[in-house]
Every structure is written in structure tokens, then in C-alpha cells.
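Please keep the sequence and the model open while reading.

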Amino acid sequence: MEGECHFLEGNIRAKKRVNYTKGLLAEVKIEPERLKMFNMGASDAKEFAHAADEMTKIAKEFGPSPLKKIKNRKRPAIRRIQ
Amino acid sequence: MIIAERKTFDEIKQIVGDAHKILIVGCGTCVAVCMAGGEKEVGILASLLRLDAKREGRELEIIETTVERQCDKEYLEPLAKKVSDADVVVSLACGAGVQFLAEMYDTKRVLPGLNTRFIGVAEHEGMWTQRCMACSDCILGETGGICPVTICPKGLLNGPCGGTNEGKCEVDNEKDCAWTLIYRRLEKTGGLNNIKKLFPPKRYDVQTKPGKVIHPAYEKGEGKAHE
Ligand code: SF4
Ligand code: SF4
């Protein structure tokens, strides 16, 4: 649960990072709601199943990823070079 | 160190325009520490640009690289090939680094990805505050190590002003009055006599732009003889 992390305040920090990442997604016009953080115990199977259901519902609501939609129309050539 | 922040994605996207091949150059010194322009931030910006291009069905190629410092030529020279291959270069250094990179590769469009904010310190993780305006005539020795030029919104050398309010500043009552801080520090360090000193007007003549510093040991000719 929030604040009851094995790494002390780790999940509170993670929450801030996730919120920051949602902001990044919004900047490139990808629905930030597609990313969500859930807190649960390692053996909390029920909680996990609920979270998976909720995410499935969210994904269905928004439909396919805006990146995929484009891919079907015309495949952009994107290469990553380090 | 120099503190900076990333420009909004919209602004970066707009200045990059319709470039197909972008080189993003990070800087591994100040701006890496303030989490604005280091290797990780280069990666984040590159990902944002890629996601955006993919969403819009545009072709885009991004090259990521981070150098030790962009304000030293020797770190910029090895970038020649990467720069020449790219349509535009986005530098995630402070304004000085961007200019040095643009000067070295002056036939290429070199664009800033950051807004350079100030010289400051890490107050705590993820938070930086301004401490110095680089006034070229440091008076910290007289003010208990607290800079009124920077911390006092009016830059008063002979403070406090009439608006000091129980330790808070009249300009913003969330902020401490610089001159109350100075008084308290001088009190602690046995230097309260300084508060009675009248500072002469600030020497703006030493702050003319652009500044230039030559280390005496590196002056042309023999250098300055010790007399
Ligand atoms: S007086 Fe303040 S602004 Fe001037 S050099 Fe010293 S710290 Fe920087
Ligand atoms: S209240 Fe203090 S910090 Fe604020 S303007 Fe006056 S002297 Fe400067």
C-alpha cells in the first residue's frame, strides 16, 4: 500500500515519477490515462486481477494505441541509432 | 552550477520543424546534475520526438549523444561526423554550450532544447535555488556569506528596506528577507559590525558584457611578471 513500501518511501517516489511520465505522454498527445500505477502487496492476487480488469477497461475505452492506428495506415520508418 | 529546464515539447517541435534527421546532444556536467540535459534527458526527448512522429506517421531519425561538457572545444570536436549527418542539432546544454556548438559547426542549425535559468545550488533532490548573479565583484565576505544581490529582489546593498516584515520580504512574504538572513548570520559569526557599514554603489562597470577572463598564467607573451 502507498507509503508501506519494502523500500520505505519507494512507492511514493514511484508515484511522482509515474505522474511525471503521464505529463510526458500528454505532451505528445497520447492519453495519459493509459498509464496508471496501482499499489498492492506481492501476494495480492485479487487486487492484481482488479487492476488488470481496470486497465483492460481503460484500454478498450480509448481504443488501439494512437501509434498503432498510424502503423496500419502507413508505416513510418523510425530507426534508433545510439 | 548552472540550472536549466527543458523547453516545452511544443516549442522544441516547432523550432525543429520538418527535419528528418535530428541529432540531440546532451551535456554531462551542470545540466545533467539538474536533470535537464544529461544522457537520460536526451533519451527522454528522443523518445518524445519519436512517439510524436510515429503518432503523426512522419519519418524521423534521431541520433542521441552526450558529451562531457559543451563549453569546451575538445569535447565538441569528435561530434563532427554526427553533426554533418544530421539535418538539425538540438543541444541540451546551457546557453553557453549551445552557442559554442553552433560556433564550431556554423553551417548547421543548432537549436536550444533548454531554457537556462540561473547559477544555483541543489536545495534538495529535484529542487534548485538561485544563489549568485555573477556580478563580478563579490561581497559575500561582508554579508555573512549570503548574497543580497541575488536573494534580495531589489538587490539592495544596504538593507533591509522599510518593507522587511518579521524576517519575510515585502515583495513575496513566502520568501525570507535577505537582509534579515544576513543580520542573523552576522550575529552568529560575530560580524554584526558589518551591518553598520555603508556599501558604496554597486560596481556595474565590472559587469560589462560579454565578460572575459584570462588566467594570468595563460596570457599571451611572457604573462604578467611577479613584482
Ligand atoms: S555578490 Fe552575489 S552575485 Fe556577486 S559574485 Fe558574490 S554571490 Fe555572486
Ligand atoms: S524585504 Fe528584505 S529581501 Fe525583500 S526587498 Fe526588502 S530588504 Fe530585500
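## A buried strand and its surroundings

B:K21, B:L23, B:V25 and B:C27 point one way from β2(B), B:I22, B:I24 and B:G26 point the other way, and all are buried. Buried means under 20% relative accessible area, exposed means over 50%, and partly exposed lies in between, with a 1.4 Å probe and protein chains only. In a regular strand, side chains alternate between the two faces of the sheet. β2(B) is mostly covered, with seven of its seven residues buried.

This is a predicted model: local features need pLDDT of at least 70, side-chain atom pairs count only at pLDDT 80 or more, and totals for chains, interfaces and linings use all residues. Residues are numbered from 1 along each chain as its sequence is written, chains are lettered from A and ligands numbered from 1 in the order in which they are written, and side-chain values use heavy atoms, leaving out hydrogens and water.

Strands (E, at least two residues) and helices (H or I, at least four) are DSSP runs, numbered from the N terminus. Strands pair if DSSP finds at least two bridges between them. β2(B) has partners in β3(B) and β4(B). The β2(B)–β3(B) pairing is parallel, over seven bridges. Here B:C27 stands opposite B:V67. β2(B) and β4(B) also run parallel, joined by five bridges. In that pair, B:V25 stands opposite B:S91.

## Nonpolar cores

A nonpolar core is a set of buried Ala, Val, Leu, Ile, Met, Phe, Trp, Tyr and Cys residues joined through side-chain atoms within 4.5 Å. The largest has 33 residues. Those with the most contacts inside it are B:V16, B:I22, B:I24, B:L45, B:L49, B:I62 and B:L92. Elements of both chains give two or more residues to this core, including α1 (10–27) of chain A and β2 (21–27) and β3 (60–67) of chain B. α3(B) gives the largest share, six residues. A second, separate core has 13 residues, among them B:L23, B:V67, B:L79 and B:V110. In soluble globular proteins, nonpolar side chains tend to be buried together.

Contact means heavy atoms within 4.5 Å. Leaving out residues up to four places away in sequence, B:I22 touches B:V16, B:L49, B:L60, B:E61, B:I62, B:I63, B:A86, B:V88 and B:V90.

B:I12 sits in helix α1 of chain B. Why does B:I12 count as buried? Because its relative accessible area is 0%. With the sequence neighbours up to four places away left out, B:I12 touches B:R6, B:K7, B:L45 and B:G113. B:I12 and B:L49 are 37 residues apart in sequence, yet 9.2 Å apart in space, C-alpha to C-alpha.

## Chain A

Chain A has three helices and one strand. Their order from the N terminus is α-α-α-β. Buried residues make up 15% of its 82 residues. A:N11 is found in helix α1 of chain A and counts as buried because its relative accessibility is 10%. Among its contacts beyond four places in sequence are A:M1, A:C5, A:M37 and A:N39.

## Pocket and cavity

Both spaces come from a 1 Å grid over the protein atoms alone: a cavity is a set of points where a 1.4 Å probe fits but cannot get out, and a pocket is an open set with protein on both sides within 12 Å along at least five of seven lines; lining residues have an atom within 4 Å of a point. Points are joined across faces, edges and corners, and a volume is the space filled by probe spheres set on them.

The search finds one cavity of 30 Å³ or more.

| Largest pocket | about 900 Å³ | A:Y20, B:C34, B:M35, B:G126, B:W128 |

α3(B) gives the largest share of the pocket lining, five residues.

## Backbone points

B:M35 lies in the loop between α2 (30–33) and α3 of chain B. Its phi is near 55°, a positive value in a residue other than glycine. A cis peptide bond joins B:G159 and B:P160, with omega about -5°. Another cis peptide bond joins B:K209 and B:P210, with omega about -15°.
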